[in-house]
Amino acid sequence: MATQLETRGNLTPAHWDVSKPEIYTEDRWGPIFKEMREIAPINFVQESHLGDYWNVTTPKAIQHVEALPDIFSSSYEHGGITLLPDLKESLPDGTPFILPMFIAMDRPDHTAERRVIAPAFTPAEMTRMTEDIRRRTAEVLDSLPIGESFDWVDKVSIELTTQMLAILFDFPWEDRRKLTLWSDWAGDVELAMDDNKREQRMAMMLEMGAYFQNLWDERLKKGAAPDLISRMVHSGMRDMTHLEYIGNLILLIVGGNDTTRNSMSGYVYGLDQFPDEREKLEQNPDLIPNAVSEIIRWQTPLAHMRRTALQDYDLFGQQIRQGDKLGLWYLSANRDESVFENPDKLIVDRKNARRHLSFGYGIHRCVGARLAELQIRILLEEMAARRYRATVDGPVERVAACFVHGYKKMDVTLSTY
Ligand code: HEM
């Protein structure tokens, strides 16, 4: 054992196991990552509840790994994009329960499937959607009570992002909260590790699969249309297996839901932590576009992505072996003090806010980044148009996971300034 540790280059202290969910519920990840960046930015953790893995904690190292997708794989065939171990789940008939999605594929399959989805997120599509997003955002904000406590996560963040997904999928409007439920179950890494809940989770995914199969059949009968399901049905992706179809839907649902949701919550929470910055933004709404990037940096809605080494590799002096998994910690990279001055502070006019890695890097960089920024920008603009200020009432409840980084519940009170 000792020899193995030595060949891996360092003796990693137990508290560097950042896969533990309580680090995130208790919001104490900051100093741990800081220590790693200072002492051993690339280090090997053994025997965590998610197995052995490398911590990769600086922007330079993360970008290096992401720029070598043929060496550091995203593929579900090697374990996919979260630190979860391969759970080898099966359906009741014994078929392996694997949900292939293009975020968890390598070239050339990744390229082909991304090409089908990407046209839904072009600047022209964003322009087409802008007025609709603004109208829906205005409706949600106008329905909120002033001077009375309510849960911002549920009433604003979840509502707005779920509505957006329903529009992207052309999903039955009255059933749209099903998308929220499915997304919460699919995206929760800890639920997948819980033996008792695993079956329930699979049942939920199958229910979702059946629901979407009906939508698939319905869209197949209709002609081409800009919604995401029609794009898949009427493209090269129509030969996907049922599980691959569900996999890609989960990708779009989780990708588009938890992340934007937690940025919208991070916006309120972050500005509440730094009232001087909130005032700066209130006094100067021209700062909104930059503030959007800064909120996404500061929040970092996905704490990590995982890669698996397909060959031995010397990564800045650390000996990575074939089969090793690497946690690329965006949460840490976005707090790197050599790139971001005073990194723990949300600074609405930070000059280099856009250098954050929250959307990843390289061939898998978030395909929905523009849409996410648009939704958040419009939320901030509509808040400013009403001169609304949200202040946080008491402690917030956080997501217990090392993957989705965000809030379960956040009571706030709205006032005007
Ligand atoms: C603030 C909001 C968001 C954040 C922080 C975020 C973050 C990410 C990250 C970290 C990746 C992986 C990048 C990598 O491996 O290098 C990713 C990929 C992806 N995201 Fe997002 N995302 C957001 C919003 C969205 C939205 C709104 C959608 C769609 C509705 C979306 C859909 C996707 C898809 C489909 C991929 C896979 C891309 C690929 O593998 O080529 N995301 N996102």
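Me: Helices (H or I, at least four residues) and strands (E, at least two) are DSSP runs, numbered from the N terminus. With that settled, where is the place of Cys366?
Reply: Cys366 falls in the loop between α15 (330-333) and α16. This is a predicted model, with local features needing pLDDT of at least 70 and side-chain atom pairs pLDDT 80 or more, while totals for chains, interfaces and linings use all residues. Residues are numbered from 1 along each chain as its sequence is written, and side-chain values use heavy atoms, without hydrogens or water.

Me: What does the protein give the iron atom of the ligand?
Reply: A single donor (N, O or S within 2.8 Å of the metal, 3.2 Å for Na, K and Ca): SG of Cys366, 2.3 Å away.

Me: Switching to helices: at what angle do the axes of α7 and α8 cross?
Reply: Roughly 105°, and the axes of α7 (residues 152-169) and α8 (residues 177-187) come within 9 Å. The two helices are therefore roughly perpendicular (65 to 115 degrees).

Me: Which residues in α7 meet α8?
Reply: On the α7 side there are Asp154, Ile158, Glu159, Thr162, Leu165, Ala166 and Phe169, and they meet Arg177, Leu179 and Thr180 in α8 (heavy atoms within 4.5 Å). By class, this contact has 5 nonpolar, 2 polar and 3 charged residues.

Me: How many cavities of 30 Å³ or more are there?
Reply: The structure has 4 of them, where a cavity is a set of points on a 1 Å grid that a 1.4 Å probe fits but cannot leave. The largest cavity has a volume of about 180 Å³. It has 14 lining residues (an atom within 4 Å of a point), and closest to its centre are Tyr267, Leu271, Leu281, Glu282 and Tyr388.

Me: Which elements each supply at least two residues of that lining?
Reply: α12 (242-273), α13 (275-283), α16 (369-385) and β9 (388-392) do. By class, the lining of the largest cavity has 11 nonpolar, no polar and 3 charged residues.

Terms used:
Axes are lines fitted to C-alpha atoms, for helices over the stretch in contact, and angles run from 0 to 180 degrees between N-to-C directions. Angles under 35 degrees count as roughly parallel, over 145 as roughly antiparallel, 65 to 115 as roughly perpendicular and the rest as oblique. Ala, Val, Leu, Ile, Met, Phe, Trp, Tyr, Cys and Pro count as nonpolar, Asp, Glu, Lys and Arg as charged, and the others, Gly among them, as polar. On a 1 Å grid over the protein atoms alone, a cavity is a set of points where a 1.4 Å probe fits but cannot get out, and a pocket is an open set with protein on both sides within 12 Å along at least five of seven lines; lining residues have an atom within 4 Å of a point. Grid points are joined across faces, edges and corners, and a volume is the space filled by probe spheres set on the points.
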